[in-house]
Amino acid sequence: GLRAGIVGLPNVGKSTLFNAITRAGAEAANYPFCTIDPNVGVVDVPDERLRVLTEMFRPQRTVPTTFEFVDIAGLVKGASQGEGLGNKFLAHIREVDAICHVVRCFDDPNITHVAGSVDPLRDMETINLELILADLETVDKRLERAKRQLKTGEKKAQEVYALLERLRTHLESGQPARSLALTDEERLELRDLHLLTMKPVLYVANVSEAEAAGAAENPHVAEVRRRAAEEGAEVIVISAKVEAEIAELDGEDRDLFLAELGLAESGLDRLIRAAYRLLGLITFFTAGEKEVRAWTIREGTKAPQAAGVIHSDFERGFIRAEVVAYDDLVRAGSMAQAREQGLLRLEGKDYVMQDGDVVYFRFNV
Ligand code: GDP
């Protein structure tokens, strides 16, 4: 599956946030195959549609979909120069599919800041620079090879060389690879470089407990928003400390605590949904008397491959999918009504799945 990595400087609240993630973690029973890795937290993706479908189908059980966060602690200034430790953290970042970059926006004289003061812009730049430097190294290595290939005189080799040069200039000017304008073909060409700054990013502004409800926007947060907007990145404002407390609570206690804070939902739920979108993931549902269940696929997945997420036999023997859009189903009020109103579509192997599709797969065994 796809994973989001949590990065940030020391003492910004990563562990606090990650603890909240693992404590709020997915129901183990719904996730039997998880490897027990202390740095990986599995979360249920909160989805209001599951509650609605559960009311409609009254199934024996309801299963949300999940995905994983990886705690990548220890990224510090100079990591890209580091022989051992620093590089190891960069290697961990290489393995994730999206980055949640935590920045400290809370003032607390009791908690040391690695750089001496709370300055989220400087922190963002510090981390981003390390990632850019690591990418420059990767690109330089690739450029050497591209240079040798130039001697073949092939047009393709020239194009690759020019592309790498353009990327290098871009990185050198302090820009992340993701902001370089690329054609699909160029993007494909660069894919196996696994560039750190090509990964999609969102910023998590960690504010104090008092600011959890976001009543008055802290000036640090405003700075983070401005900087993130320049990159087209999303910002999630959260108080990691409050999230850790919320994660301890269940059901009614949790609702009461959230109401007390003036929050409609936990910041963690907002973060989970934002990270899910950042990973380019969408949800489809299967629904029946036995089970209502959410499944995760990448945007652009076709029906047989979506069926394969449920079971490989479903993909192999795929015949067709009976699909109704969630909104249509809810408007119709029941599956029977949806069928009667002609809202249930028969889709073949080329159908591209849409977020919210409620599906029944027909297959041969
Ligand atoms: P990490 O090094 O980034 O993993 O940071 P930690 O999660 O260990 O947090 C560093 C310190 O900051 C700990 O003492 C936390 O309790 C504290 N901390 C984290 N979030 C908040 C917050 O929202 N408000 C306050 N006052 N302290 C926080």
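Which element gives the largest share of the shell around the ligand? That share, three residues, comes from α1.

1. Ground rules. This is a predicted model, in which local features need pLDDT of at least 70, side-chain atom pairs count only at pLDDT 80 or more, and totals for chains, interfaces and linings use all residues. Numbering starts from 1 along each chain as its sequence is written.

2. The ligand shell. There are 18 residues around the ligand, and Gly13, Lys14, Ser15, Thr16 and Lys241 come nearest. Two or more shell residues are given by each of α1 (14-23) and α8 (240-248). Here a residue is near a molecule if its C-beta atom, placed from the backbone, lies within 6 Å of it. Helices (H or I, at least four residues) and strands (E, at least two) are DSSP runs, numbered from the N terminus.

3. By type, the shell holds six nonpolar, eight polar and four charged residues. Ala, Val, Leu, Ile, Met, Phe, Trp, Tyr, Cys and Pro count as nonpolar, Asp, Glu, Lys and Arg as charged, and the others, Gly among them, as polar.

4. Helix α8. Ala240, Val242, Glu243, Ala244 and Ile246 are buried in this helix (20 or more other C-beta atoms within 10 Å of the residue's own; exposed is 12 or fewer, partly exposed in between). Their cover includes α1, β6 (201-206), β7 (234-238), α9 (251-261) and α10.

5. Leaving aside residues up to four places away in sequence, Ala4 touches Phe69, Val96, Asp97, Ala98, Cys100, Ala275, Leu278 and Leu279 (contact: C-beta atoms within 7 Å).

6. Arg277. This residue sits in helix α10 (residues 267-278). Arg277 counts as partly exposed because it has 16 C-beta neighbours inside 10 Å. From Arg23, Arg277 is 254 residues away in sequence and 22 Å away in space, C-alpha to C-alpha.

7. Domains and annotations. The domain assignment, automatic or from a database, gives domain 1 (3-46 + 65-116 + 200-278), domain 2 (131-197) and domain 3 (300-363). The C-alpha centres of domain 1 and domain 3 are 34 Å apart. An unreviewed UniProt entry lists residues 129-163 as "coiled-coil region", and this stretch is 89% helix and 0% strand. UniProt also lists "domain: TGS" at residues 280-363, a stretch with 31% helix and 39% strand. Such annotations may be inferred rather than shown by experiment.

Note on methods
Two residues are in contact if their C-beta atoms, placed from the backbone, lie within 7 Å.
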